[in-house]
Amino acid sequence: MLLLQFAIYGVLGLTYLGLAIGFFPGLRMNRATIALVGSAFLIALGVLKLQEAWDAIDAKTIVFLLSMMVVNANLSFAGFFPRSLLVLLSFTRSPFGLITVLTFGSGVLSAFFLNDTLALVFTPLTLSLTKSLNLNPIPYLLAVAGATNIGSVATLSGNPQNILIGSFSGIGYLDFARALTPVALIGLVIQVGLLWLLYPSVRSTQPCSSLPNGKARVYKPLYQKTLTIATGLLIAFAVGLPLAESALIAASLLLITRRIKPQRILKQVDWNLLVMFSGLFILSRVTQKLNLLEPFTHATGSPIGLLSVTAVLSNLISNVPAVLLLQPLIPQDNSQSWLLLAAGSTLAGNLTLFGSVANLIVVEAAAELGYKLTFLEHLRFGLPLTVLTLLLTFLLIA
């Protein structure tokens, strides 16, 4: 019996350690396979039966996330995101104007479409823009990484952890946005101010010698169809229709097409993320069954305690696992705590390079194109940004 308990706690501890660092030395495993393998071993050890594990997976969250990925893939293939960036850049020609446009453009779009998608699309566009203007790309990359996190705070569809919280809490789309949009907007202003302080080169308000005149390639029929359906989806969210069901119908309508092969759309779905979510749901149920959440009970009883624990856990084991770990401690009708959990888990992602998937996407995409954003370079920007935005959250929500 003692040996079995040792094995159970050992597997659970190793799994969360792997989730924290993202891999195991010497093994080809990522967070998705670590979560899945850890869940399988815990089922094998008898902590949960297979049916219990299956029941632990929240179908609404998985369906919502999958459907939003399909919508985003269609928007990407239609040329929506590059065109949006070029439209934004048409309003300014100066380095400070560009940093402001990138910050607010990335932030606002991230509020409606998954932040990871924006980071993936905007990073190569930003690098191409700064290269053509002979500008230091680092502050502009930081602007994209930070803004996609901050902007995604504003809505339930902005990032995966908000999708989870919407499923658990039952907070309406507009109610959530009404509470956290001020945090997002003021946070974006704070980000612009920090970049202005840290990087003198972005302070110039003099027009650059030239801006790229290239036109974004748009597939007009797909663009019109996708934009119409995406607009209808946002309206459905706003009037209070069920999130998962609305997103599924929108994705289904987009998959009825003669213009693009389904394989191309489905390749854009982040199956790793869906598998990781499923494994994390099971791990969360295991921690509840083993009563391992007791140490956090008192800490999460106050707004400052909840925000602090969320920020720390989000950087230790990543934001989505942190939300799943803490959600059993929050009563469903405690809207304030759910909002603090949403904001804390997202904004804490700006602290380090490893704090959010959006940060990693920016770093890896930049590295592939020959630009290096270091851990310390990001920390110099991310630490004050995280502290200030978390303080802002406490003042506006608590």
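Which residues in H4 meet which residues in H12? Before I answer, two remarks on the source are in order. This is a predicted model, in which local features need pLDDT of at least 70 and side-chain atom pairs count only at pLDDT 80 or more, while totals for chains, interfaces and linings use all residues. Residues are numbered from 1 along each chain as its sequence is written, and side-chain values use heavy atoms, with hydrogens and water left out.

Let me begin with helix H4. Helices are DSSP runs of H or I with at least four residues, numbered from the N terminus. H4 covers residues 59-78, and its end C-alpha atoms are 29 Å apart, which agrees with the 28 Å that its 20 residues should span at 1.5 Å a residue. The expected span is 1.5 Å times one less than the number of residues. Of the 20 residues in H4, 15 are buried, where buried means under 20% relative accessible area, with a 1.4 Å probe and protein chains only. Just after H4, Gly-79 takes a positive phi of about 95°.

Now to the opening question. On the H4 side we find Lys-60, Val-63, Phe-64, Ser-67, Met-68, Val-70, Val-71 and Asn-74, and these meet Leu-243, Ala-244, Ala-247, Leu-248, Ala-250, Ala-251, Leu-254 and Leu-255 in H12. Contact here means heavy atoms within 4.5 Å. The residues of this contact divide into 13 nonpolar, two polar and one charged. In this count, Ala, Val, Leu, Ile, Met, Phe, Trp, Tyr, Cys and Pro are nonpolar, Asp, Glu, Lys and Arg are charged, and the others, Gly among them, are polar. An α-helix has 3.6 residues a turn, so residues three or four places apart point the same way.

As for geometry, the axes of H4 and H12 (residues 243-255) come within 8 Å and cross at roughly 35°. Axes are lines fitted to C-alpha atoms, for helices over the stretch in contact, and angles run from 0 to 180 degrees between N-to-C directions. The crossing of H4 and H12 is left-handed; that is, the near helix is turned anticlockwise from the far one by less than a right angle, whereas clockwise would be right-handed.

Phe-237, in helix H11 (residues 220-238), touches residues from both of these helices, including Phe-64, Met-68 and Leu-243. Phe-237 is buried, with a relative accessible area of 1%. Its C-alpha atom is separated by 6.0 Å from that of Tyr-173, 64 residues apart along the chain.

A second pair is H16 (residues 303-317) and H18 (residues 335-347), whose axes come within 9 Å and cross at roughly 30°. This crossing is right-handed. Among the residues that meet are Leu-306 and Thr-310 in H16, with Ser-337 and Leu-340 in H18. Ser-337 is buried, with a relative accessible area of 10%, and touches Leu-306 and Ile-330, not counting residues up to four places away in sequence.

Gln-161 belongs to helix H9 (residues 160-169). Is Gln-161 buried or exposed? Gln-161 is buried, with a relative accessible area of 3%. Its contacts include Asn-319, Ser-345 and Thr-346.

Finally, helix H7 (residues 115-132) reaches 25 Å from its first C-alpha to its last, close to the 26 Å expected. H7 bends by about 30° at Phe-122, and Pro-124 follows within four residues. The bend is the angle between axes fitted to the seven residues ending there and the seven starting there.

Note on methods
Helices (H or I, at least four residues) and strands (E, at least two) are DSSP runs, numbered from the N terminus. Buried means under 20% relative accessible area, exposed over 50%, partly exposed in between (1.4 Å probe, protein chains only).
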